[in-house]
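Hi there,

Here is the structure I promised to pass on.

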Amino acid sequence: MAIYEKKPSNFSAAFAFAIVALATATVSGQARNTHDRAQPRTPWGDPDVQGVWSIATITPFERPSALAGKEVLTELEAAELEKTNLTTNNQDRRDGAGTDADVARAYNDFWWDRGTKVVPTRQTSLVVDPPDGRVPALTPEGQKRAADRAARGYDSWEDRSLWERCITRGLPMIPGPYNNNYQILQTPGYVVILHEMIHDARIIPLDGRPHVGQNIRQWFGDSRGRWEGNTLVVDTKNFTDKVSFRGSTKNLHLIERFTRIDRDTVNYEFTIDDPATFTKKWTAAIPMTNTDELIYEYACHEGNYGMVNLLSGARVQEKAAEGGDPAP
Amino acid sequence: MMHRFARTTMIVAGVLLAGSTLAGQAPAGRGLARTPWGDPDLQGLWTNATITPFERPASLSGKEVLTEREAAEYEKEALETRNADNRGGGTDADLGRAYNQFWYDRGTKVVGTRRTSLVVDPPDGRVPPLTPDAQQRAAARAEARRRSPADGPEDRSLAERCILWPTAGPPMIPGGYNNNYQILQAPGYVVILTEMIHDARIIPLDGRPHAPSGIRQWMGDSRGRWDGHTLVVTTTNFTDKTNIRGSGPNMRLVERFTRVDADTIDYQFTVDDPASFTRSWTAAIPMTKTEGPIFEYACHEGNYGMTNLLRGARAQEK
Amino acid sequence: MRTRIRGAIVACGAAVGLAVASLAVLPTASGQSSATYKAPRSAFKDGKPDLNGIWQANNTANWDIQGHAARQGPILELGAAFSVPAGLGVVEGDDIPYQPWAAAKKKENAANWLKLDPEIKCYMPGVPRATYMPFPFQIVQTPTHILMAYEFASASRTIYMNSKDESPADTWMGWSRGRWEGDTLVVDVNAFNGETWFDRAGNFHSDALHVVERYTPVSRDVLQYDVTIEDPKVFTRPWKMSMPLYRRVEKNAQLLEYKCVEFVEELMYGHLRKKTK
Amino acid sequence: MRTLISVLAALSVVGATVPVRAHHAFAAEFDAKKPIKLEGTVTRVEWINPHAWLHIDVKRSDGTIEKWMIEGGTPNTLFRRGVNKNSLPVGTVIIVDGYQAKDGTLKGNGRDITFPDGRKLFIGSTGTGAPGDPQAPPK
């Protein structure tokens with residue numbers, strides 16, 4: 001367990017803040033005035049959101065049905081969840097050895113870094129709107145696309161996820177099992193977010209220029225930012241139809257808000273607006289916690305032996321199933 | 001060598017013609033135009049068409065210069081013998097004339113000096129013998145042509161392939177047609193726009209060194225400088241496929257451009273290539289003001305000839 | 001008819017004349033003196049020159065850092081569109097001091113370019129190659145971190161200013177530590193994995209590569225880029241490259257994506273695709 | 001209003017639902033029906049993303065050497081814990097308990113990697129417990 005002690009050392013500070021600001025902190029724009037004096041600024045006067053930030057958390061993305069109706073955990077409940085998590089999610093556990101579930105745990109726990117804490121607000125889901133903490137129902141069209149995705153196998157790399165293909169983890173930023181690190185840099189006219197996974201430098205102009213032409217479609221879309229008070233608001237459009245967040249289409253309009261609510265915390269919220277996919281808009285809130293860690297190179301494609309192994313495994317198994325040569 | 005040549009020609013020119021056309025002999029540019037920044041002005045459209053042969057014909061051996069009467073006779077005869085409208089002489093010769101005379105534009109006059117060859121040094125007016133090495137290369141080329149005359153496009157000449165016109169230079173030698181050049185100048189640069197095969201040859205004058213020897217170009221790498229009123233251009237870095245009468249990739253070509261009057265540039269070049277020639281040699285070719293313009297010579301774009309030629313070869317094999 | 005043709009030709013001739021005129025006013029790299037140019041200062045008020053911007057080399061060093069004539073490209077069908085443009089080279093003295101074994105390896109690399117060049121597989125290009133690929137890159141400068149974001153393969157690297165941190169492992173883009181020497185940004189790069197090349201001509205290095213880069217603003221829109229290459233496993237002595245980097249001055253300039261992984265998947269994994277019956 | 005007990009009961013379910021998906025589907029790459037247990041000597045470690053690979057020599061009972069490649073996780077998490085490329089030196093003997101690749105080649109996932117005495121790798125300090133590591137726990 002010692003390995004975890006290094007994790008958010010500033011957790012208690014963030015936590016203390018959360019207790020005070022619990023009622024207001026998760027909704028953008030609301031924390032603004034109260035904290036303006038404490039707001040660090042760049043030399044040219046923009047709110048300063050620079051630093052390396054981690055979004056690791058064990059708070060689930062959607063509220064589990066078991067917690068339906070419960071928006072926030074008590075301190076005691078939160079502590080208990082954190083404790084339980086250390087065992088339930090420990091990848092060193094070997095129950096079910098010889099099953100796909102055990103294979104899927106992949107490797108020892110020391111490789112993982114998914115966080116050990118719930119979010120400081122103790123909300124029971126990262127989704128904050130709709131109030132039930134769950135992603136709204138898919139449109140019929142969205143359901144059909146989801147079914148198509150689920151039917152994908154291993155015929156080629158095209159069936160595999162963009163992450164497995166080492167193309168991108170895409171937008172918005174959501175917690176993953178490791179390397180949840182982002183570095184924000186600012187210069188006059190730009191905010192830059194460096195994603196460790198999969199080495200993306202997302203450069204956001206703030207100068208009010210229009211979006212690029214409709215024909216230019218990108219994995220990360222095309223982002224334009226502006227300051228609304230102390231909140232950085234980033235609009236992203238022009239996604240390619242090859243990238244999809246929970247089923248979203250290329251016409252997804254992603255609105256992100258970054259608000260520094262204390263020295264160690266940027267509140268990150270994003271709103272998904274994609275009527276072709278979701279029956280209504282929805283929003284998630286994820287605190288970004290300051291860390292003194294470095295961003296390390298995540299060369300992914302360069303060493304993606306896994307893709308070869310996975311495809312060759314599928315080919316060998318097909319042959320075996322056809323009664324050809326058994327696997328060597 | 002140059003000195004001796006100049007002295008000889010000066011005597012000849014002095015006798016035959018007032019106002020020599022040879023380099024260095026012109027009055028030091030007096031009365032001739034200069035660019036606003038003070039360089040001698042070579043700009044304009046020029047042609048080097050002439051019927052004077054490149055090398056002195058054996059029949060004129062020992063005769064350096066024609067008399068005026070001889071020149072007039074020569075011009076008349078040339079019109080007749082070179083007339084492509086002539087249909088005599090057997091099938092291949094007739095085929096070689098290709099098309100009517102009106103397509104040709106090789107000039108109708110001998111050069112103003114009435115010299116019997118464009119080669120002025122050696123004094124016999126002939127390109128010096130090839131070295132054994134160059135003879136071997138020439139034999140190998142001939143053998144390759146014999147063995148595989150048209151197996152593929154690379155067997156054909158650079159001109160047929162529309163890569164480089166053998167006479168367009170450098171050095172610039174009169175050819176069958178389109179002997180047209182436009183010279184433009186800017187501070188630090190002289191540019192020679194050659195109609196064949198649409199090349200703009202850009203010559204820096206700022207004293208920079210030649211490109212690294214690993215960079216080989218069809219037209220080499222040229223550097224210019226002013227020597228009095230004469231533009232001296234040195235070109236190196238030729239490819240091993242560039243071939244001026246047997247020259248090799250290490251040919252060092254020195255060209256001299258001297259404007260001798262409003263309508264004439266005296267153009268001389270010296271080929272220095274010990275690996276190919278037993279001695280260096282020089283030719284002198286006047287460039288005459290012409291009206292122009294330079295027309296587009298898109299060659300490769302319409303090179304049906306290459307297709308026909310290869311298709312013909314394939315058909316004959318069958 | 002004749003008049004019309006002539007008009008067109010005259011226009012053509014005028015264009016040549018213009019080109020000639022513009023040749024004359026082109027500044028040469030040596031003509032831009034950093035001594036006389038003082039770059040604007042960073043908005044961070046640390047007194048350092050402001051190198052922020054989108055930059056791009058305008059040369060053919062990615063084809064061959066040494067001088068090279070134009071040559072035919074490797075793919076017959078691509079013809080003139082993807083053949084190799086000539087270049088005078090960016091290596092000081094045009095000589096790369098390979099050890100004998102390494103000179104042989106370089107030749108082998110060149111002969112097997114398509115099979116061996118990591119660029120073809122969309123691998124991150126390493127340093128300094130990332131700088132002079134035919135793609136823009138953006139410098140994002142803060143007093144403590146300078147991010148170099150490259151369009152090719154979404155590669156990037158962070159330059160840690162005045163840092164003593166070491167890389168925990170070998171990398172593709174190296175581990176960069178920077179400092180200012182006057183108005184020159186000096187970047188020390190090491191911890192390479194030896195998998196990257198310098199160009200498409202097979203020029204290479206080992207994991208012992210040590211690169212020192214110098215970025216000097218010489219005019220508002222030009223950075224002079226000088227690089228020293230050191231690799232005792234491959235070369236007999238350190239050697240240098242230099243070139244200007246030009247600002248992309250378009251008002252709407254921005255890095256777009258060149259996520260080339262999907263362009264190479266068929267090449268790399270095609271043999272593992274399920275055969276359709 | 002729920003009781004604390006019922007919430008805690010719910011939480012145990014929550015814990016199990018947090019996604020743990022790695023970069024790629026390990027169950028697609030490795031075969032649950034081909035468990036492996038290998039003792040091998042580290043010959044090389046590729047500290048690469050998306051997954052580190054340990055190369056080990058495994059001596060078979062007939063004396064022949066099999067060269068296995070064992071897949072791990074992203075090394076970046078380990079870097080953050082002070083591990084570096086020298087932390088698992090060549091020559092270290094490890095035990096790999098995992099699953100073989102579905103294509104039948106000598107590749108496996110290091111589902112559980114330990115030292116022969118059962119100690120875990122990379123745990124507890126910036127040291128690794130590897131032989132020669134001054135911070136290794138005493139034997």
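**Salt bridges within chains**

With a relative accessibility of 22%, A:Glu318 counts as partly exposed (buried means under 20% relative accessible area, exposed over 50%, and partly exposed in between, with a 1.4 Å probe and protein chains only). A:Glu318 forms a salt bridge with A:Arg315, and their closest N and O atoms are 2.7 Å apart; a salt bridge here is a side-chain nitrogen of Lys or Arg within 4 Å of a carboxyl oxygen of Asp or Glu. A:Arg315, at 15% relative accessibility, counts as buried. Both residues lie in helix α5 of chain A, 3 residues apart, about one turn of the helix. Helices (H or I, at least four residues) and strands (E, at least two) are DSSP runs, numbered from the N terminus.

Before going further, some housekeeping: this is a predicted model, in which local features need pLDDT of at least 70 and side-chain atom pairs count only at pLDDT 80 or more, while totals for chains, interfaces and linings use all residues. Residues are numbered from 1 along each chain as its sequence is written, chains are lettered from A and ligands numbered from 1 in the order in which they are written, and side-chain values use heavy atoms, with hydrogens and water left out.

Helix α4 of chain A (residues 140-150) holds A:Glu141 and A:Arg145, 4 residues apart, about one turn of the helix. Their side chains meet in a salt bridge of 2.7 Å, N to O. A:Glu141 counts as partly exposed at 46% relative accessibility, and A:Arg145 counts as partly exposed at 22%.

In chain C, the side chains of C:Arg247 and C:Asp221 form a salt bridge (3.0 Å, N to O). C:Arg247 lies in strand β9 (residues 239-247) and C:Asp221 in the loop between β7 (210-219) and β8 (222-230), so the pair ties together parts that are 26 residues apart in sequence. C:Asp221 is buried, with a relative accessible area of 18%, whereas C:Arg247 counts as partly exposed at 24% relative accessibility. Over all chains, a search of the whole structure finds 60 salt bridges.

**Where chain A meets chain D**

The contact (heavy atoms within 4.5 Å) takes 70 residues from chain A and 60 residues from chain D. Between them the two chains bury about 5,800 Å², 59% of it on carbon and sulfur atoms; buried area is the accessible area (1.4 Å probe) that two parts lose on being put together, summed over both. In chain A, A:Val103, A:Phe110 and A:Trp111 lose the most area to chain D, together 13% of what that side buries.

There are 4 salt bridges between chain A and chain D. D:Lys120 and A:Asp92 meet through their side chains in a salt bridge (3.4 Å, N to O). On the side of chain A that touches chain D, the elements giving two or more residues are α2 (75-88), α3 (100-104) and α5 (305-321) of chain A. The largest share, 8 residues, comes from α5(A).

**A helix in chain C**

Which residues of helix α5 (residues 261-269) of chain C are buried? They are C:Val261, C:Val264, C:Glu265, C:Met268 and C:Tyr269. Seen down the axis of α5(C), these fall within an arc of 130 degrees, so they line one face of the helix; the arc is that of the directions from the helix axis to the C-beta atoms. The buried residues of α5(C) pack against α5 of chain A.

Happy exploring!
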